[in-house]
Amino acid sequence: MKVRDDGAMTGRLGIEKRSTLPEHEAVYGRLPDVGKRHGRNPGVLVDEVEKAGLRGRGGGWFPTHLKLRAVVNSSADRGRLARTRHPVVIANGMEGEPASSKDAVLLAHSPHLVLDGITVAARTIGATDAFIAVHRDSRLVPGLEAALAERDAAGIDPLTIRLVMPPARYVSSEESALSHWVGDGVATPVFPDRPFQRGAAGRPTLVQNVETLAHLALIARYGGAWFASTGTSNAPGTTLVTVGGAVHQSGVVEVPTGTTVDEIQRLCGGPAEGIRGYLTGGYGGGWVTADGFADVAWDPESVRAGGGVIGASLLWALGESVCPIDEMSRVSAWMAGESAGQCGPCMFGLPSIAEDVRALALRQAYGGDMRRLANRLSLVTNRGGCKHPDGVSRFVSTGLQAFASEVDAHLTGACSVASQRSTDPARQLPVPPARLALLDSSGRDFT
Amino acid sequence: MSDKKKTPPTLVLNPIMCDGRGMCHDAAPDLIDLDEWGYPLLPSHGLRAELSRAQMKAAEDATHACPVLALHIER
């Protein structure tokens, strides 16, 4: 963390305002050469990344140095003549979570840090193609094109970074779907190969969230020990958090990992009404009740111990003027529609689950319906080619658990917020209109 | 992943290839159940199920019955 002239703390990632390339270099300095990969040995940056303890900020919080090494090994295993031996790097800026905006804020204000990260990642794994992916029709496109043009003119990136825009669908941001799109123009999840094994066009592919890459660019400049000088020992550094719902100023903040939920909430103006619970991680994340959660530290292990999932670092405060069952109903119906339709339990199970939740929200469900719902929630887990159905199942089952008294009320035809329901849309989880974008190659934007 | 450890034979389902035709269940009803939407449920309720010696014959029958090659046995 840096301290500004006026004494206010600013974050590491520069999300406060948009930086041009000269402004970016004035703050962070030139991007150093991090050293390239030789055969089975990744560039030396990988050792700093391990020392830093950097973990992926896209949702999985997987150790980044392991992912870098896995891609290099997968590439080295192929032999010199294999046409698929050269790795690909893809920066994932898709941010499919409707309630999340941390990646958009980062890409809008600090695009050069992310692009620096792509360049050092590519060098470290010996990639010969580099991409940055955002949703088609994303408002970020003009800004990213301008940033890429600035770098082109300055000749910063030895490897040209190409902007690609897969269809705007929830599952198209899943990492195997993203590498599938880049390789074949089909934005559906792949099973069972992971991208590091066989990704874009069968090549070893590194898919990293854009925030992870921004942290990587900082490690390249200042080293692993510096990176780990803040945050928790299990997940060092700072993290972006999208804070929304019943807080006075919803938005994105950067905090050291381990900052308590209460402190994060206070950075956003504090609760705007009584808080009933929180949605953590995203729409495939987990609900928790408000009891005691304000004291939980925001890092993967502590959030899990508190009953939630840190995931894509969404913290959504559910106020007392919003019915949790309504929220679960609207979101689960939307998530059902976002299935790629590849696996039966997802294609048929999610709409059935959404229907059961809807009956409950309408106060038309009975005890037997709840038993059927519980059975369906377990039937769709661990049976998909990706984790989309597992996420919906967790979203609904943790919600039923956290708001058990509200479930009971609905089963008897009552709803505790019916009389004082909020009409403020900002208090409700955002649900985009049903998306019609196809997942296949129509509109593929590169060759 | 060169894991030399001896693991029991494992029945593996590829859920993306599976069309839910149910022929695995017809061929091996005691090993593979169908869910309410007609898709196969392995004994593990997951995508992989370790097989006992007694289950091997049924697993092979189910694998051979699948018209879209969504099942295989990892040995």
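Reader: Which residues is Val114(A) in contact with, leaving aside its neighbours within four places in sequence?

Author: The general idea comes first. In soluble globular proteins, nonpolar side chains tend to be buried together. Now the case here, in a predicted model. Val114(A) is in contact with Ala91(A), Leu106(A), Leu107(A), Val210(A), Leu213(A) and Ala214(A), its neighbours within four places in sequence left aside.

Reader: Which residues touch the most other members of the largest nonpolar core?

Author: That core has 122 residues. Val89(A), Val114(A) and Ile118(A) touch the most other members.

Reader: How far can I trust the coordinates? What is the average pLDDT of chain A?

Author: Chain A averages a pLDDT of 94, and 95% of its residues score at least 70. One stretch needs care. Over residues 1-9 of chain A the pLDDT is below 50. Beyond near neighbours in sequence, that stretch has seven contacts in the model. Where pLDDT is low, the predicted coordinates should not be read in detail. Chain B also averages a pLDDT of 94, with 93% of the residues at 70 or above. For the model, ipTM is 0.93 and pTM is 0.95.

Reader: How many residues does each chain bring to the contact between them?

Author: Chain B gives eleven residues and chain A gives 13 residues. On the side of chain B that touches chain A, six are nonpolar, four are polar and one is charged.

Reader: Now the sheets. In what order do the five strands of the open sheet in chain A stand?

Author: The order is E8-E7-E11-E9-E10 in chain A, and the pairing is mixed. Strand E8 (251-256) and E10 of chain A are the edge strands, each pairing on one side only. Neighbouring strands are turned by 25 degrees against each other on average, direction ignored.

Reader: How many bridges pair E9(A) with E11(A)?

Author: Five bridges, in the antiparallel sense. Gly277(A) stands opposite Leu318(A) in E11(A). On to the next pair. Strand E9 (residues 275-280) and strand E10 (residues 286-289) of chain A pair over four bridges, again antiparallel. Thr280(A) has Gly286(A) in E10(A) as its bridge partner.

Reader: How many residues lie between the strands in the hairpin of E9(A) and E10(A)?

Author: Five residues. In this hairpin Gly281(A) takes a positive phi near 90 degrees. Look also at the helix there. Helix H15 (residues 388-402) of chain A lies across E9 and E10 of chain A, at about 15 degrees to E10(A).

Reader: Is Leu314(A) buried or exposed?

Author: Count the neighbours. Leu314(A) is buried because it has 26 C-beta neighbours inside 10 Å, and the cut-off for buried is 20 or more. Leu314(A) is found in strand E11 (residues 314-319) of chain A. Not counting residues up to four places away in sequence, Leu314(A) touches several residues, including Glu97(A), Thr242(A), Leu279(A), Thr280(A) and Gly281(A).

Reader: How far is Leu314(A) from Glu211(A) in sequence and in space?

Author: They are 103 residues apart in sequence. In space, C-alpha to C-alpha, Leu314(A) and Glu211(A) are 14 Å apart.

Reader: On to chain B. In what order do the three strands of its open sheet stand?

Author: The order is E4-E1-E5 in chain B, with antiparallel pairing. At the edges are strand E4 (48-50) and strand E5 (71-74) of chain B, each pairing on one side only. The twist averages 20 degrees from one strand to the next.

Reader: Which residues stand opposite each other in this sheet? Start with Val12(B).

Author: Val12(B) stands opposite His72(B) in E5(B). Leu13(B) has Leu71(B) as its bridge partner in E5(B). Strand E1 (residues 10-13) of chain B pairs with E5(B) over four bridges. Three bridges join E1(B) to E4(B). There, Thr10(B) stands opposite Glu50(B).

Reader: Which side chains of E1(B) are buried?

Author: In a regular strand the side chains alternate between the two faces of the sheet. Along E1(B), Leu11(B) and Leu13(B) point to one face and are buried.

Reader: Which helix lies across E1 and E5 of chain B?

Author: Helix H2 (residues 56-65) of chain B, running at about 140 degrees to E5(B).

Definitions and conventions
Residues numbered from 1 in each chain as written. Chains lettered and ligands numbered in written order. Predicted model: local features only at pLDDT ≥ 70, side-chain atom pairs only at ≥ 80, totals over all residues. Contact = placed C-beta atoms within 7 Å. Nonpolar A, V, L, I, M, F, W, Y, C, P; charged D, E, K, R; others polar. Pairing = 2+ DSSP bridges. Helix = DSSP H or I, 4+ residues; strand = E, 2+ residues; numbered from the N terminus. Axes fitted to C-alpha atoms, helices over the stretch in contact; angles between N-to-C directions. pLDDT = per-residue confidence, 0-100. Core = buried A, V, L, I, M, F, W, Y, C linked by C-beta atoms within 7 Å. Buried ≥ 20, exposed ≤ 12 C-beta atoms within 10 Å, placed from the backbone.
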